[in-house]
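Trainee: I would like to learn how to read side-chain pairs and helix packing. Can we work through a case together?

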Amino acid sequence: MSNKVVVGAQWGDEGKAKITDLLALDADLIIRYAGGCNAGHTVVANGKTFKFHLIPSGILYKGKTCLIGNGTVILPESFETEINELKKENIDLSGLKISPLATITMPWHTEVDGYSEDNAKKGKIGTTKKGIGPTYTDKMARIALKIEDLYSTEALREKLDVILPLKNKQLEKVYGLKTYSKEEVLDLCEKYKKIFEPYVCFEWQKMLEDFKRNGKRILFEGAQGVMLDVDFGTYPYVTSSNPIGGGACTGSGYGPKVIDEVIGVAKAYVTRVGEGPFVTELTDDMGDKIREIGHEFGVTTGRPRRCGWFDAVTMKYACLVGGLTSIALTKIDVFDSFDEIKLCTAYKDKRDGKIYTSYPTNVYIHKYLEPIYETHKGWGEDISNIKRYEDLPQNARKYLERLEEILETPISIVSVGPDREQTIIK
Ligand code: GDP
Ligand code: IMO
Ligand code: MG
């Protein structure tokens with residue numbers, strides 16, 4: 001196997017975890033490179049369903065190394081809960097490692113996230129309230145704590161002398177929220193230190209070098225999706241990290257030449273959780289039908305996902321900025337009972353009739369855009385047990401081949417159900 005990145009190609013929840021779990025079978029090192037416990041990643045293996053938030057989706061195999069990379073943000077309590085749940089299932093965690101350079105989400109980050117969401121009169125993002133935005137903000141402002149700080153009392157005390165006066169002023173004066181004393185934060189950090197201790201990989205440089213030198217196979221697991229990327233997504237309705245393929249480098253410690261393939265995971269339709277533009281959204285019965293058959297409810301927050309037809313305009317954009325070399329198309333089985341399937345190939349501006357075939361990055365005009373669709377015939381049969389591409393009904397293959405033609409990117413994997421087994425490798 002070559003070294004691969006698994007990237008969400010839409011607005012998240014595309015089935016990345018299923019594809020990561022599948023590819024992890026042939027990998028030695030699996031690195032989650034961005035995001036935090038805003039992610040909800042589902043793996044169905046041997047009839048059992050596992051839900052991950054931060055822990056790489058390769059953890060179900062024994063003998064693999066699973067690294068939570070430096071590009072992530074870690075909410076200690078959420079990490080602890082996830083660990084405990086896996087221990088209950090007797091999952092072997094001996095290969096689990098955390099980069100000492102990952103950033104810690106502190107209580108003030110979740111409090112500020114919650115406050116901003118609950119009090120936004122305009123421009124609400126609909127975040128997961130896991131403190132993601134405020135943690136990355138502080139990382140960029142150079143006033144965040146890293147995992148390694150927990151293991152150096154001197155560094156921690158020095159950093160807190162800089163962080164806390166600033167942070168407390170902000171919490172009190174801007175948000176009207178509780179402030180923190182140094183002693184209180186030191187106590188919290190003591191608790192966090194114990195939670196992370198068994199997993200922190202201070203030898204990460206040597207480990208990364210060894211894996212590379214010995215030709216071991218590396219799999220990078222993305223979270224969220226290209227359209228939620230802070231640089232390229234539907235800004236400001238995005239998350240605060242870089243889910244794109246390029247994020248695999250800044251979030252892991254490996255350079256771009258280590259990567260051979262970037263697999264973009266996309267559903268055969270589109271979903272979105274939270275606010276923000278979504279040109280192909282279906283707010284009618286068809287949207288409800290997709291949500292019901294596709295079980296489109298968030299793993300992390302339980303929120304119903306907004307549903308719509310496949311949007312080839314954003315997907316073409318995702319192929320470019322996500323750096324995709326191929327696509328894993330998931331949930332095509334959801335269309336088994338559909339007479340017709342629509343596919344958006346362009347947008348039309350209602351104001352002046354202007355046609356967009358490339359993605360317009362100014363999201364404030366998206367409310368004026370309507371999708372231009374082409375319609376494909378359904379196949380009217382259960383495809384969830386099909387194992388070979390040639391055995392797919394002709395209309396399903398036609399739909400897939402049309403997607404490849406528009407996107408100018410090959411579909412390498414077709415997923416026809418949530419289970420590991422329900423996958424067609426092309
Ligand atoms: P992720 O965040 O990208 O890993 O995706 P989620 O786990 O949030 O959501 C994907 C959902 O779709 C999960 O419930 C998966 O079990 C399920 N799923 C993945 N692939 C398929 C598929 O091909 N068909 C169906 N019916 N379900 C799928
Ligand atoms: P996975 O990895 C879907 C969305 C939130 C919100 C926006 C910002 O499971 O695909 P944040 O809490 O990150 O500040 O919220 O991003 N969002 C996701 N939507 N799947 C995810 O992760 C998401 N992670 C964040 O709903 O709109
Ligand atoms: Mg998800």
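**Salt bridges and helix packing**

Mentor: Start with Asp349, which is buried, with a relative accessible area of 1%. Buried means under 20% relative accessible area, exposed over 50%, and partly exposed in between, with a 1.4 Å probe and protein chains only. This is a predicted model: local features need pLDDT of at least 70, side-chain atom pairs count only at pLDDT 80 or more, and totals for chains, interfaces and linings use all residues. Residues are numbered from 1 along each chain as its sequence is written, chains are lettered from A and ligands numbered from 1 in the order in which they are written, and side-chain values use heavy atoms, with hydrogens and water left out.

Trainee: Which residue forms a salt bridge with Asp349?

Mentor: First the rule: a salt bridge puts a side-chain nitrogen of Lys or Arg within 4 Å of a carboxyl oxygen of Asp or Glu. Here the partner is Arg351, with the closest N and O atoms 2.8 Å apart.

Trainee: How many salt bridges does a search of the whole structure find?

Mentor: The search finds 28. One of them joins Arg305 to Glu296, with 2.7 Å between the closest N and O atoms. Arg305 is buried at 6% relative accessible area. Glu296 is buried too, at 0%.

Trainee: Are Asp391 and Arg388 buried or partly exposed?

Mentor: Asp391 is partly exposed, at 40%. Arg388 is also partly exposed, at 47%. Their side chains meet in a salt bridge of 3.0 Å, N to O. Elsewhere, shared partners link Asp13, Lys267, Glu296, Arg305 and Lys331 into one network of salt bridges.

Trainee: Now helices. At what angle do helix 3 and helix 5 pack?

Mentor: Helices are DSSP runs (H or I, at least four residues), numbered from the N terminus. Axes are lines fitted to C-alpha atoms over the stretch in contact, and angles run from 0 to 180 degrees between N-to-C directions. Helix 3 (residues 107-119) and helix 5 (residues 153-175) pack at about 20°, with axes 12 Å apart. The two are therefore roughly parallel, a label for angles under 35 degrees.

Trainee: Which residues meet there?

Mentor: Contact means heavy atoms within 4.5 Å. From helix 3 come Trp108, Val112, Tyr115 and Ser116; from helix 5, Leu164, Lys167, Leu171, Val174 and Tyr175.

Trainee: How many residues of helix 1 are buried?

Mentor: Helix 1 (residues 16-24) is mostly covered, with nine of its nine residues buried. Among them are Lys16, Lys18 and Asp21.

Key
Parallel < 35°, antiparallel > 145°, perpendicular 65-115°, else oblique.
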